[in-house]
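Subject: Structure for you to look at

Hi,

Here is the structure I promised to pass on. Please open it beside this email, and I will walk you through what turned up.

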Amino acid sequence: MQLALNEDQRQVLDFVEALARPFASAPLHDAGLALESEELDAALVENGFLDVMTVEELGPVTAALVVEKLARLPFAVEAAASALVRPLIDPELPRPLCLVEEGRTSALLRFLRPGATVVVVGPSGVRSFTASEELIAPAQEDTLYAYPVAFLTGLPEATIAHDVDPVEITRAWRVAMAAEAAGLLGAALTSVVTYVSERKQFGRPLATFQAMRHRLAEAQVVTNTVYWLAMRAAASGDYADAAMALLHAQEAAKRVCYDYHQFLGGMGMTLEHPLHLWTYRLKLLTAELGGRGAQGLAAAEALWG
Amino acid sequence: MQFEWTEEQDAFRRRIRDFLQANLPGDWEKFSEHGPASPALTAFARTFCVKLAEVGLLFPHWTQEMGGEGLGPWEQQILSEEMWIAGEPRGGQYMNVNWIGPTLEKYGTPEQKARYLEPITRGESLWCQGFSEPDAGSDLASLRTRAVLKDGNYVINGQKIWTSYAGLADTCFLLTRTSDDRKKGITIVLVPMDTPGITVRQIPSLIGEGDIHEVFFDDVNVPETARFGEEGQAWEIVAYSLRNERLGIPRFTLARAALDRAVMMLKQRGDFTREYVRIEAARCAALCEAAGTANYAVVQKRVDGLAIGAESSSARYATVMAERAVCEFVVEFLPEALAGASPYLKMHHQRGIVAGVAAGSAEIQLNIIASDVLELPREPR
């Protein structure tokens, strides 16, 4: 048991932090509800931060740490699937990666765009294809989610079959989403804490009222444990750990998002405040892989048969 | 960052399990339904802890200077986990080895160490913790039990409540007021429980017979040398002790073991096929594991020699969430467990429902998290 970061992990996170610093605050963004940056994406690829899992001394925990860190940015980056799932399928698959469950290919897909790799995971195996323009239907223009999203109109005739175990890919997918949720939860909490510590009513900061303090403290407890369960699941490679990590993350997201907007009052309804950039990613993640119930069933099966 | 136990740690855990296997009676599970502070379990612990001491498993985590093996915080954690899952056969003596001993070592006078440490290391002494009072619960600093220094003796008058183990304890780690200066006016006195003027009354409770008590002090006289630390130093010493205490009981492991037991019973009668039961069980398991990792993160800080701060309150609250979830799961899906069908689950329930009340209420933990982890501006006083 060694829960402190090792020297390599500290260094990688310091590098990521330095690289991400210019993207740490949200520019005013009334045009669309999701923020993306090609420049940030390119810098991450160029510096190999999405490939750390395959580096022997770094591995899946470091990849999960990178994903967690990047999710804290107001910008949505397709890091989770690329860093934690792609190396298990084919490290050369073109990004972004869109993971979709077999039989649910009509779902809203994050980061779907021409050139993206769609990976269909299910009982019959793991297959991928490159999304072309005619396979993509845009979502509503002012969709509320803070990820770029679109729909598949269908599947191409030709797909590439990958010789990997779909169960293992689903496991890694859960870890990836849990790590992403951990970062989103952390950043959303920080953002709310800052606001309610500054905003005064009745002559004192909102954060001095116990009605908020206790709910925020509970949010800290679950946010902290989402982080730890995600890291443990990344480390162990255990199926039950992964299912519990995503279950706990989806529970946490459901628990805190409403409160966070509530605590910001009218500001929480505006695009002026960046809170939605985290919460409206979290909300979409609560639907990932069938949501809490599906993670619960998967965990129960793995734990108790 | 890695989450595996070392081979040595696994071996240490096996050593404890083997010892428990060999030294717990066949009807132990039924027996452990007696609370950890019950007369029956206390009496059992007095022999059991002597045996633990003989094989070096009573305080192996203590430093070698203190007579331990210097094994460190992870081994203390493993020891606590195995004991607590087994129903805590050490009874109240777990407190001795978790915090009373180390606190005596850090703050005690040579005479106090000589008098109290040795019985602890032999597995022969039982302590109680005289903290809460009828009007000083969460607001502990408002306590009023007076200790007045007179002719070289402290004369103590007042009342304590919720005191575990008081009925059978040898010594009380007692918080008293020596001046009106709120936190700075509180002083610790180590009081032998057979001192004239002490009356102990049991409080019938949900958490097992003989578990909690009222303790009355009427002109109780102890020599000045019974003072522990300086006058007014109690708050500092207690803060040090409680940081150990909050980690002390690995409740999440028993909660997880109880959950596994409940699932086993549900499977046996064919009730673990319903999806909502399975989902709820998984949610409970995730909460137990979540609490475990949060606690381990705090243990890591101890291992690294770092000061433990408010994150221990966060870990504690995670534990409270897990305990609550498992207690509710059992009542909802296996109500008969608390009515005789499972002594183990009843034992867990009775210990689990205290998690949010003992060692600082859950709300106090949330206050600490808000102020010291989130660093929110403080509430006006």
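**Strands of chain B**

B:T171 has B:P192 as its bridge partner in β5(B). Please keep in mind as you read on that this is a predicted model. That bridge belongs to the pairing of strand β4 (residues 171–177) of chain B with β5(B), which is antiparallel and counts 7 bridges. β5(B) also pairs with strand β8 (residues 227–228) of chain B, again in the antiparallel sense, over 2 bridges.

How many of the 7 residues of strand β5 (residues 186–192) of chain B are buried? The count is 6, so the strand is largely enclosed by the rest of the structure.

There is a record to go with this part of the chain. UniProt, in an unreviewed entry, lists residues 128–220 of chain B as "domain: Acyl-CoA oxidase/dehydrogenase middle". In the model, that span is 49% strand and 0% helix, and its end C-alpha atoms are 16 Å apart.

**Two open sheets in chain A**

Moving to chain A, you will find an open sheet of 4 strands with mixed pairing, in the order β1-β3-β4-β7. The edges are held by β1 (97–101) and β7 (160–162) of chain A; each has a single partner strand, so one side of each is left without a neighbour in the sheet. On average, neighbouring strands here are turned by 25 degrees against each other, direction ignored.

Inside this sheet, strand β3 (residues 117–122) of chain A runs antiparallel to strand β4 (residues 125–130) of chain A, and 6 bridges join them. One bridge to look for links A:V119 with A:S128 in β4(A). Helix α6 (residues 166–198) of chain A packs on the sheet, where it touches β1, β3 and β4 of chain A. The direction of α6 makes about 115 degrees with that of β3(A).

Another open sheet in chain A has 3 strands in the order β2-β6-β5, with antiparallel pairing. Its edge strands are β2 (109–110) and β5 (136–138) of chain A, each with a single partner strand, so one side of each lacks a neighbour in the sheet. β2(A) pairs with strand β6 (residues 149–152) of chain A over 2 bridges, and A:R110 has A:V149 as its bridge partner in β6(A).

**The nonpolar core**

Which residues touch the most other members of the largest nonpolar core? They are A:V67, A:L84, A:V175, A:A178 and A:A230, out of 225 residues in that core. The largest share of the core, 19 residues, comes from α6(A). In soluble globular proteins, nonpolar side chains tend to be buried together.

Leaving aside residues up to four places away in sequence, A:A178 touches A:V226, A:L229, A:A230, A:A233, A:A245, A:L246 and A:A249.

**Where chains A and B meet**

Finally, the interface: 41 residues of chain A are in contact with 38 residues of chain B. On the chain A side, two or more residues come from each of α6, β9 (204–205), α7 (210–236), α8 (239–264) and α10 (291–304) of chain A. With 16 residues, α7(A) gives the largest share of that side. By class, the side of chain A that touches chain B has 22 nonpolar, 14 polar and 5 charged residues.

Happy browsing, and do write back with your thoughts.

Best wishes

Notes. Residues numbered from 1 in each chain as written. Chains lettered and ligands numbered in written order. Predicted model: local features only at pLDDT ≥ 70, side-chain atom pairs only at ≥ 80, totals over all residues. Pairing = 2+ DSSP bridges. Axes fitted to C-alpha atoms, helices over the stretch in contact; angles between N-to-C directions. Contact = placed C-beta atoms within 7 Å. Core = buried A, V, L, I, M, F, W, Y, C linked by C-beta atoms within 7 Å. Buried ≥ 20, exposed ≤ 12 C-beta atoms within 10 Å, placed from the backbone. UniProt positions renumbered as here; feature names shortened; annotations may be inferred. Nonpolar A, V, L, I, M, F, W, Y, C, P; charged D, E, K, R; others polar.
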